[in-house]
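Biologist: I would like a close look at one part of this model, the surroundings of its ligands. Please take it step by step.

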Amino acid sequence: MEEKKRVLTRRDFLMSAGGAVAGIALAGTGLGLLTPKAEGATVELPEYPWEQYFDKPLDVEKVRELGAQYYGEGNGCAEGAFRALIEELGEPFSFVPSQLMNFGKGGGVAWGTLCGAINGAAAAVSLVYGRGQGTAVIVNEIMAWYSATALPLSMENSISGSPLCHASIANWCKATGKKSSERGPRCKALTGDVAAQAALYMNQLQAGTFVPAHPMSEETKACFDCHVGGYADDTLGKMDCAPCHDGH
Ligand code: HEC
Ligand code: HEC
């Protein structure tokens, strides 16, 4: 895979006709068109998949900073993490409107399901690897790392035990004595940390140094092997079972 990777600039994407009129005319053709920041400019997205455009290591600390910044600007955890990653990935990834992931905040507009920072970061990973193996391998590791790691890394933190926003916030309140409504600075830092972790894993996978480091616990594996596709074959999931179920 030593073939030279094509680097695209915004100019490469701009339609030669340019301007809003061309944009409107093409909008009806069914091409994958998006309107990016530049007013009136319309771009034609390159054919997907886009993995080839991820062609230089991401600046992990910059992603951490941007994730926190966008959370702080009111984007929410999911959009904040997604936006930090696609902007650091650059074009064409950055042409995708980050609002795509806004729904993920608070685990899905505050339903407390999948942590939005994971959701947004995972969406960016999926945008890079598509149906390729990278998506499942990296997102799996983000989920497992998040569940087992005291977050956020830089302040008073707690271990969630699962990728659920609900468990994550509840355990943080329990560990710190803080109220859920005081979670802003915590979720801000966590958004940066999760986006940065995704960037780190993508860099590692690209460099051939990625090694999953968070295997399922023996305890959960026993339940999993029987209940998920095994003898009982009656549920789905890789979360630790113990916080929600007693053994039997
Ligand atoms: C050897 C297979 C096997 C293993 C291992 C196993 N289970 Fe089960 N489990 C069953 C079967 C069979 C049932 C009853 C039928 C059903 O719900 O599928 C059951 C029932 C359950 C139920 C339904 C409610 C109940 O208690 O009857 C839950 C919840 C459950 N298991 C969780 C777990 C968890 C958590 C673990 C690991 C600590 C685990 N199981 C390990 C086979 C297994
Ligand atoms: C975040 C909490 C949570 C986690 C983690 C979780 N479960 Fe569940 N599980 C539930 C809920 C909620 C239900 C639905 C119970 C209901 O509606 O009665 C359920 C249902 C089940 C059932 C069917 C129960 C029944 O009454 O027949 C089984 C079996 C089960 N889970 C096994 C597992 C196993 C095995 C794991 C770990 C791999 C696991 N669960 C992890 C919350 C959880």
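Which residue has a side-chain N or O atom 2.7 Å from a nitrogen atom of ligand 1?

Modeller: That residue is H227, whose side chain places an N or O atom 2.7 Å from a nitrogen atom of ligand 1, a polar contact (a pair of N or O atoms within 3.5 Å). The model is predicted, with local features needing pLDDT of at least 70 and side-chain atom pairs pLDDT 80 or more, while totals for chains, interfaces and linings use all residues. Residues are numbered from 1 along each chain, chains are lettered from A and ligands numbered from 1 in written order, and side-chain values use heavy atoms without hydrogens or water.

Two further side chains make polar contacts with ligand 1: a polar atom of D234 lies 2.3 Å from an oxygen atom of the ligand, and a polar atom of H248 lies 2.5 Å from one of its nitrogen atoms. Around ligand 1 (a heavy atom within 4 Å) stand A222, C223, C226, H227, Y231, A232, D234, C241, H245, D246, G247 and H248, which divide into 6 nonpolar, 4 polar and 2 charged residues.

H227 and D234 also belong to the surroundings of ligand 2, which include C223, C241 and H245 as well; by class, that shell has 5 nonpolar, 3 polar and 2 charged residues. The iron atom of ligand 2 has H245 as its only protein donor, through NE2 at 1.9 Å, where donors are N, O and S atoms within 2.8 Å of the metal (3.2 Å for Na, K and Ca). The side chain of H245 also has an N or O atom 2.8 Å from a nitrogen atom of ligand 2.

Technical notes:
Polar contact = N/O pair within 3.5 Å; in protein donor to acceptor, adjacent residues only side chain to side chain. Nonpolar A, V, L, I, M, F, W, Y, C, P; charged D, E, K, R; others polar.
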